[in-house]
Every structure is written in C-alpha cells, then in structure tokens.
Amino acid sequence: MSLLWRARWRALLREPGQSALLILSLALGVAVVVAVDLVNAASRSAMASASAQLQGASTHRIEGPGGGLSLDAYGALRRAWRAGTLLEGDAPVTGFAPLLEGRLTLPDGSPLRLLGIDPFSSLRQEGVGVGTEAPAAEAPGGGAQPVSWGQFLTSPGAALLSPSVGPELAPGDRLPLPGAPALTVLGRLPGTDADAAPLALAVVDLATAQEWLGATDRLSRVELALPEAPPRSVLRRGLERLFPGLLLPEVAPEVRLAPALRAAYPGLQLRSQRETELALGSLASAFQLNLAAMGLLALVVGLYLLYGALAYSVRRRLESFGRFRALGVAPAVLQRHVLLEAMIFAGLGALLGLLLGRFLAGGLLGLISATLEGLYDQVAIAALPLDWVPYGKGLVLALGGGLAVAWPLAREAGRAPLLPRAGRPPAQTGGRAGLAFALGLSLLALALLTMPSGYLGALLALAAILLAGAQGVGPVTALLLRGLNRLAAPLPLRLRLPLREASRGLGRAQLALAALVVALATAVGMTIMVTSFRLTVADWLEDRLDAPVLARGRALGAARGPLEEALEAARRDGLVSGWVWRQSVDDWLEGLPVRVTLLEAVGREAPVLRLGEPLARQLGRTEGGVVVWPGRLPGAEPLASYYRSYGGGRLDLEMPRPLWQGPAPTGAWGLAVYGAPEVVLPRLQAALPRSGELLAQGPVKARALAIFDRTFRVTAVLQTIAGVVAGVGLLSAFAALALDRRQQLSALRILGAPGPFAARQLLLEAGLLAGIAGLLALPLGALAAWVLCDAVNLRAFHWTLTLHWPPAAFFEALLLALGAGLLAALGPALQAWRAPTSEALEVLRAQG
Amino acid sequence: MRRARESAFARFGAIFLLLSVGIGSAQAALEAGSVLGASADGFERALAPRSFQFPDDHGVKPAFRTQWWYLTAHLKDGQGQAFGVQFTLFRQGLLAPAQAPVRASPLAGNALWMAHLAITTPEGHGAEERFARDALGLAGVTSAPFRAWLEDWTLEAAPGASPAPFPATLSATVTLGGQRQRLTLTLGAPRGPVLQGDSGLSLKSRETGSASYYYSYPRMAAALTLTPPTGEAPRHASGLAWFDREWSSGALAPEQVGWDWLALHLSTGHDLMLFRLRRADGSLSGVREGTLVAPDGKSVRLAPGTYRFEPVPGATWAGPRGGLWPVRWRLDLPQLGVVDVVSAVQADQHNPLTVPYWEGVVCLEEDEESCGYLEMTGYEPPTDARPRSVE
C-alpha cells in the first residue's frame, strides 16, 4: 500500500502545477456555489428580518377590497375575534393586529416605510410592541431614556425609527420629510443595529399613520396569528435551505372568514402570509434559483475537470496497477487507492473553495442586493449571515461529486490487466457511447421543453442541453480533426504536424475542451439573453414612456384641476396634442395580487381593458377572452391583447377609469403629456405644487436602463467566473499535453529542429483545439440563449423576450477560447523554446 | 376603613401609569400634582369632599388621570364547590382634555383602557387581560344606562336600575381549560352606595397628600352561568358580589411596594373590608384601614386596635416567579366574635398579567359561609413581559 502511495507521490511531485491547477479549478467551482448560496441566504435572512419587523408572528392577513380595510369592518372583525367567531367553525385565533402601512420619502429621496401599529395588539417582533420596560433609546452623550408609550399614542408624528434612518437624530429631534409633516423621534426600534436592520422603517401609532398617509378612513389590513398555521415540515425547510430560491407551496387546510362577516363585508379577503409570500416572492426566488444554477454549473465544470485529470492519471497508470495486481494487491485496495486520491483532490479543492467562496460572497453581496432591490423591491442585504449550510453543501457537493466521478475509474483500476499492453495510454474520445448519451440528453431536454415542466424543467433542459453538448465535444472534435487531417494531406509536415498531434492529444484535452465549451456556451447564452432582455426592455420603455413629459406623485391628484386648465390652454395653443392620467389601485384578481392602473386619455387613443403579459400568462388569457370581476367590472368584459410588462414582482392590468367599479384608487397619480418638454414643462410647473414631480422623458428612461444594467451586473460577474474555471481547466489540460509532448519535441530538437519550432508547434496545437472549442460553443450558446429566453424566462417571469443576436457575443467567445488556449500553451511553449538540446537528450534518456 | 381600597387603587394606578406614560412623566406628575389643584399635566386632583351625583358619577371622569370599575363575586355551585369572578376595567388618561390636540384620525385617543377578567372554578384559576385605545367605541363606560365594556366584555345594568348600576349582567367570552366559554354573571339589587373615606374623599397616602373619590356597592346577589361552546351543559353557581368605583390623579408613595386587601361577606350579613400597605422591608407603611358595613347598610370605620389581620407564619404559596404569597390570614374581629383564619379556597389564584398579583376567593376556616376576596400585591417584582392581548 505504501508502495502505491510512494509511486503516486513521486508522480505528483513531477507535475505539481497540474495538481495545483486541478485543485484550483475545483475550488473555483465550489467557491461560486458557496458564494451564491451565502448571498442568497443573506438575502433570505434580510427578507426574514424585514418581514419579522413588518409581519411579526402573523400567519394570515385580512384585507378589504382594494387592499384596504374600512374602520367599520375593522371594528366588526375585532369584535368577532374577541367573541371567537372570526373564522368559519369558530377556529381559534391567537393574535390579532391592525396595521396601516405606507411609504413616505426621506430627505435624500429614498423611501421610508411607515408602519402604523396598535402597540397593544402588535404581533411584531419583541420590542416593537409595548413592554413594561420601555425600550431604551440612546440619549446624546450616552445613557438611556425611557420611551414614553403615552407619547407614542397621543403625540401626532411620534415615531420609532430603524437604526438606518437619520442615525444622527436623538429622541425629541425631528425628521423632516418632503411633502409631509416632520416625524418626531421617540426612540429607536430596539434590539437591532444598522447592520442587522437595513430597512428604512418608521413605526408609529395607527392614528399617526392615518394622518401622515392621508388615510383616516381605513387601515391596510389586520394580521392574524393562527395556532393551526401549517407547520413547515423539516423536509420542506431543509429543501428550501439547500436549494435557495426554491419556494414550495404549503398544503394548508383552508381557513375562511365566518360566513356572517363575509356577508356583511363582501370583498374581505383572508389570506395566509405564506400565500402572499409565494405570490410576491416567487420571482425573486426564480432569480435566486438561476444564480444557484449558475453556481452549480461552475462546480460541474470543476468536477468535469477532476474527472478528466483522474481518468488520464488512472489510465496512464493502468500498467502499474496491473503490476501491483500481479504482485498480489487486491483489486479493492487499488479501487480504494483511486477513490482516496480523488477524495484528497476533492477535499483540498473544497476546502480552498469554501475559503474563496466566503471572499467571493463579500464581492457578490452588493451586486445581488442591487438586483433584488432593483427588480423586486426587496430590502438591501447588509451582511452575510453565519450560516453553515452553504459551506456544508459546498463540501458535500465537492466530495460527493468527486466520489461519483472517481467511482468508474476506481473500478477500471481494480480491473487493470495483469500483463502490460504495448503502446500509449488509450485516448478517451467518447465515441459512440458518448454520442448516444448526448442524444439521450437531447431527447430529455426536448421532452422537458415541450412538457409543462415549469421553470425548473426549463433549467433542467438547459443543463441537459449543455451536458449533451459537452458529451458531443470529444467525438465532434475528433471528427473535425480527422477531416482537417485529410484536407491537409498535401501540406508540408510542419503544418500537418500540429493537426496530427492535436488529434493524438485530444484524449488528454477532451474533457478540458468540453468544460471550456460548456462555459463558453453559457457565457454566449447569458450574453444573448441579457442583451435581448435589455433591448426588449428598452423597446418596452420606448413604448410605455412615449410621452415626452411625465409626472408622478401624490400631489398630482390634488393639483389636477389647475393642471387640466394648463393642459387645455396648451392644447389650444397647439403645444400639447394630448395627455393621459393614470392612477393605480392594488387588488386581488382570481386569487392573484394585482395592480390595476386606471387610465383617462384626452386627445389620445381611448384606453382599453388589457392585462400585462405576466398576469395574462398566469391566468391563461394570452389569447384574449373575457374577465369577470364582481364588484370591480360591470359584467363579463372583453380583453384586448395583452401588453408587455417587465415590472418585477408585480402583476398588472390596465383599463379605462370609467370601467372601474371597485373602491377609489389610493395610489399615486401619474400624468403623461404629449408635447415638447421645453415648452410644456414651464407651463405645467406653474400649476403643480411640487414641480419636482414633473420630469422630461429622457432622464426617466435613462434611469430605468441604469437600474437594469445594475441589476444584471451580477450575471456578468458569475459568467466571468465560470469562464475562469474553464480557463484554468484548459490551462491544466494544455500543460499536461505539453508534458506528454516533451519526448517528441525533444527528439525533434535533437534532430535539429530549432526551439521556436517546438514552441510554435505547441501554440498551433493549442490554438487549433481551443478554436474548435470556441466554434462548437457558438451554436450551443445560441441554443442555450433560446432556452433561457423562450423557456426559462417565460416560465419563471411570464414575460416574452425578443431574441437579439449580438455578433459581439460570438466574437468574444471565440476570442476568449483562443486566448485561453494560447495562454495555456504559452508556458510550455516558452519552456520548449528555451530548453537547451542537452536537456532534450536528458528527457529522452529518462523516458527510455 | 374607608381608605383601604384607595391604596390598592393607587398601586394599580401607579403601575398602570408607569406602563402607559413612562416613569419620568409619572414622577413629574406626582411631584407637581401634590401642590396644585390641577397637576402640571392638566389633570384635576381630588382635594376636597364633593357631592356625588348618581348615576352621572358612574360614568367616565376624563378630567382625572386614573379611574376604575371593580367587580368581584364569590359563588358556589349545587355541590358546594367554590367559584369566583373578578372583572376590572381601568381607564388611564394620557392627556388631560384641555391639552389634547385636535386630531384628524378617528383612531387617535387620549386615554387607554385595560380590563382584567379572572375566574376561579373547582378546576383552577385563570386570568385574562385586554387593552384598547379610547377610540372607535372599543371600550368605555356610560352612566345612564350604566354600561362598562372593553370589546365583548360588558357589564350592563338592567333597564330601570338607575341611579344604581345594579341589577346588572356581566357577559364575556373567556378561555377556560383551553376552551372558549361564554360567561354570564347576573347581579341583583345592591346594598349601598357606601361612600368611602371622608364622604367619598379618601387620602391615598400621607406622604404625597394625594387622594381619590371612592364609593362602593358592597353586596349584590350573584348568579354565574358558564356555557361551553358546544354540546356540554352549562355550569351554574350563585353567591355574592362587591363593586367599587374610584377616580383620582395620584399614585402611591415611593416607599410603598404592595398591599393586602380583604373583603368578606360575613354569614351574619355584615360586609367587612380590611387593608394594609407595606414597605419594601415588609413593615407596614402606616396606612392600615378597616370598614364594617352592617346588614342595614350603615358603615363604621374600624380603629387599628379593634381588629387583627396578619398572615399565618409559613403558610405561603410559592408563585411562578419566586414570590411567596401568604394564603392564610389570622382574622380577629372581637366586636362580631370572629376569631378565625381566612384561607384561600385554592392556593393558586395568581393573576400572571402585566402587573402580577394574587386575587381570589377566600373563606373563614371555621365558618365556610363567610367568604369574600383577598387581594395581595408586591410579593414579586413586576413582570417584564409586555401586556398581552389575551382573547
């Protein structure tokens, strides 16, 4: 046994760079997996922290029509709750908390979430509710002051602020708010610090919230805690932790409001928080799942490389394994040896990967946070959590993957022939078995894409396509090289030599090439997808924000009269051709949370009832049809064709205002004016109390696209990392190839070939193989882009992207492949160039 | 005698005050209020005897900071098993009416309501607590007809009861043994009113000079019905009830940490109330009162030397938070020939609420027909839990 290890150790020492590169490529794969998981966990933890602050222990919520709750209904609900008759069958309710939620703007323009609570029935996390020990607020110069709950209830504007809001303000100070009276700082939300609670939140009494939000006739909702809230099974929790972004629906017994309440207050909706979370959070989850999939892809590339390196190493040593068997070493011992060797590589790679992952996560944090904030209106992530699961998962995946790829090789080692075979180690070109496997994977992908398998199915199909492509790389490259060899037959030897040697070296480089093809194809696919997305969104913005002047804000509604007069005057003067008023109201349609935009057009095409694409797809109304919405629409209303919508987590629809029969909208007003900004803006500004709400179209579009770019920066970074993993693999493969070639090149040197000749040979070979990989990656990348756009995005986000094919994406991929290949061969080439003939002789002598 | 319950009032009021408005402002109110007729925060103070007007005085006195309506009833079922009901409604003014800003929100209130409902049955004792803002009619008290409520806990006079608040009915939903039950306590015509202290003005503590307005209806016939939600037969019990009404703007003296209060309906037809205040070291703080109401309704103040009311050494019940509660008391009242021990019908009648205290049914050991309520506070520190909204 020790003989086996001594032999292996000597081999390793001869090629230390090889082992280091192998470990590095595996480590990078693990690092991406760990980093993405860590950041996803941080994002979940930030969401959970925000939701604990906002939802507390509530499991359900009751909302009225239009997303609000009248005070009359609130009183009835409260009495029913106390009498134990709130729910059907008098199901018990352990907590009941009214809530009024809204948004204000901080002086720097960022949003401040205003949460109006009843301190005596709060389900919020400990500390926001009233305690006998009033939460202490830091007084200037240290020391604590008690927070007065009497003041909280009776002083208009008294607020408890989260640490990130006006950190310099002390109790008693005032927090000025543009467009609203200042809030008075009563204290800080206790038990949190700025790192743990990045949410800009002001907790106030319900009365203050009503006054500050101009909603004295209603609440947002009542939150309930139900004891029989479905327990989240250990399995479910475990799955959701292991696969970040995976949100499994709960199978919960249905809870309903008591019939008497439903009859007295039609439109009251009882929903579980989980249901709301699922409806609103699935998009962000899809994004997180995509990231996780990219991380796994990088790891698969790393494992692929491990397999390649092990396969080569095992097959080169088959003769020596045979000798050991002849000496009486049991096959099981040889198998264990190979497995252990794989475990050592995988273990070292995993450990390094865990460390790298921690650092990488720090870098990705801001980028992923920006995406979640930009797309899904989520809270910022401030810090990485102390969570062992991502590390454990990285370790298990690396070791498990290592074991899986080593297993067939271990069996091969155990079956090594007792008598040595003549010739070079067999080249592993895959052949028919590989092609058959690739065909099988392609069929699986086809099945997944044609069946309703959801976006998880689409992701699996993508993985199957990439894997099929990887399987096909060896045979297809071999085929290409054979063809090229035939074509090159009339050429001189120095030109034919690289082709021949490339064919011979394919066995060693094949797996690295496959990894490179997969990484490049992913990069091409992602680039095409992101470019298509960006251009689609730009087109969409062009379409949606077609008015040269836009205005938005709460004050707009109040100033509607003067604005209309100014607009009419401008129309008479021929400066304005028309305008559209819009105001939105949040509601539920067929069990989905929707935002309804009510439109009034003057001098423009009359608005029609139509659904945004995500909603149309969710409801299965992409072909039009009718909408029946009791209490909201007069009858069965016909639908016009859907409109494209890329509003992140929101499902939206629009209709002419007169059609709407639901509760009065409460959202901010928007106004789009069709006229030259330079003449329209000054005229309207005079009629508008806060002219800052009036904007020319250009900057709005630019801002939207800037948010988009910020959102997808993380994708580019991960893409690069996957490319680097493949690059490292390629580097390792070509370095190995060069080692193999030393004998031939040395012979050539002795025969009189100059150093530059050997170097050129190596570079040509590498360039050839890498070029082929690059070329193969292009169609595979295009296919991946098509799946990403037409299957993954459509299924996950319910929006259509118009595919664009940027030539740069293809050129970049080719250049990257060639660059990686040449860079990998550069070191060995230089070595071959500089090596004196005496060293070549030494090599020949050593290798017999 | 008359000042017995007022100190209990003061203690509850003080804790409620601390809970509601913060320690700093409570102390400021005490200091300023001891000198002036109206305290610095604008609330009126009880300084001189007044002429009580019934039924008006049963209603809310918004000019005073603290007030309460307090009902206790001890009962027995057909098998002689003891039951008890305690319902208390507190109102804490947060802003004096003159200082309250005009608010647009109908949820804005300048007072806070707290209610306690505790029930003793042969199976055990339970207590619930509720809070409500002074808005939307969630809680309140009207004088004619008399009605005191917090959500669905309602004490409501029968038609024609006025000017007295009784006969009346207390109805509530409570959780007993993990099961929500409907409670109905029917109260008959009352004895009283008995004006406590100096014609209804009673000093709270000598140190601060603060006082309250205070009267009682010490004896009503009471009938209890507990109805389980489905199927099971309702349970019935009958007995006697006691009602207190008090309002003030003051609080306890700083060195007073707790009190022991007893109200007994003696089998002779007399109603006895005894009270003592304690300091932190366990010694009596000097306020020690007794009142005896004769069957004809006439009340006399008991001089300190005319009765004995002290715990039986070692007879304590260990509370959940480490407090040792004396649940047997030596009671000697020579003028009625009483030499006996007052003993809790159940040792655990502890109310683990925001302000934890022990309040429950007690009877004389030698005369089981003489029963009433014992209230003890200050034997354990206030809980640090937030007020619970208990359904």
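How are H20(A) and H21(A) oriented to each other? Their axes make an angle of about 160°, which is over the 145-degree cut-off, so H20(A) and H21(A) are roughly antiparallel to each other. Keep in mind that this is a predicted model, with chain A averaging a pLDDT of 76.

**Chain A at a glance**

- Chain A has 848 residues, and 47% of them count as buried.
- Its secondary structure comes to 22 helices and 22 strands.
- Take the contacts in chain A with a separation of 6 or more: 84% of them are between residues 24 or more positions apart.

- Among the elements of chain A, helix H5 (residues 206–213) comes out with the highest mean pLDDT, at 91.
- The lowest mean among those elements, 38, belongs to strand E5 (residues 136–138) of chain A.

**Helix pair H20 and H21 in chain A**

- Helix H20 covers residues 755–797 of chain A and helix H21 covers residues 807–834, and the two pack with their axes 7 Å apart.
- H20(A) passes H21(A) in a right-handed crossing.
- Sorted by class, the contact of H20(A) with H21(A) has 25 nonpolar residues, six polar ones and one charged residue.

**Helix pair H16 and H18 in chain A**

- Another packed pair in chain A is helix H16 (residues 560–572) with helix H18 (residues 677–687), where the angle is about 150° and the axes are 8 Å apart.
- That angle makes H16(A) roughly antiparallel to H18(A).
- The crossing of H16(A) and H18(A) is right-handed.
- On the H16(A) side, the contact is made by Pro562(A), Leu563(A), Ala566(A) and Ala570(A).
- H18(A) brings Val680(A), Arg683(A), Leu684(A), Ala686(A) and Ala687(A) to that contact.
- By class, the contact of H16(A) with H18(A) has eight nonpolar residues, no polar ones and one charged residue.

**A glycine in helix H11 of chain A**

- Gly392(A) sits in helix H11 (residues 389–414) of chain A.
- Gly392(A) counts as partly exposed because it has 15 C-beta neighbours inside 10 Å.
- Leu354(A) is 38 residues from Gly392(A) along the chain, and their C-alpha atoms are separated by 9.1 Å.

**Chain B at a glance**

- Chain B has two helices and 25 strands.
- Of the 391 residues in chain B, 55% are buried.
- For contacts in chain B with a separation of 6 or more, residues 24 or more positions apart account for 60%.

**Cis peptide bonds in chain B**

- Ser162(B) and Pro163(B) are joined by a cis peptide bond, with omega at about 10°.
- You'll find Pro163(B) in the loop between strand E7 (153–157) and strand E8 (168–176) of chain B.
- Gly192(B) and Pro193(B) are likewise joined by a cis peptide bond, with omega at about 10°.
- Pro193(B) lies in the loop between strand E9 (179–187) and strand E10 (194–195) of chain B.

**Positive phi without glycine in chain B**

- Leu136(B) isn't a glycine, yet its phi is positive, at about 55°.
- The spot is the loop between strand E4 (124–133) and strand E5 (139–143) of chain B.
- Leu136(B) has 15 C-beta neighbours inside 10 Å, so it counts as partly exposed.
- Glu151(B) is not a glycine either, and it has a positive phi of about 55°.
- Look for Glu151(B) in the loop between strand E6 (146–150) and E7 of chain B.
- Is Glu151(B) buried or exposed? With 21 C-beta neighbours inside 10 Å, Glu151(B) counts as buried, since the cut-off for that is 20 or more.

How values were computed:
Residues numbered from 1 in each chain as written. Chains lettered and ligands numbered in written order. Predicted model: local features only at pLDDT ≥ 70, side-chain atom pairs only at ≥ 80, totals over all residues. pLDDT = per-residue confidence, 0-100. Helix = DSSP H or I, 4+ residues; strand = E, 2+ residues; numbered from the N terminus. Axes fitted to C-alpha atoms, helices over the stretch in contact; angles between N-to-C directions. Parallel < 35°, antiparallel > 145°, perpendicular 65-115°, else oblique. Left-handed = near helix turned anticlockwise from the far one by under 90°. Contact = placed C-beta atoms within 7 Å. Nonpolar A, V, L, I, M, F, W, Y, C, P; charged D, E, K, R; others polar. Buried ≥ 20, exposed ≤ 12 C-beta atoms within 10 Å, placed from the backbone.
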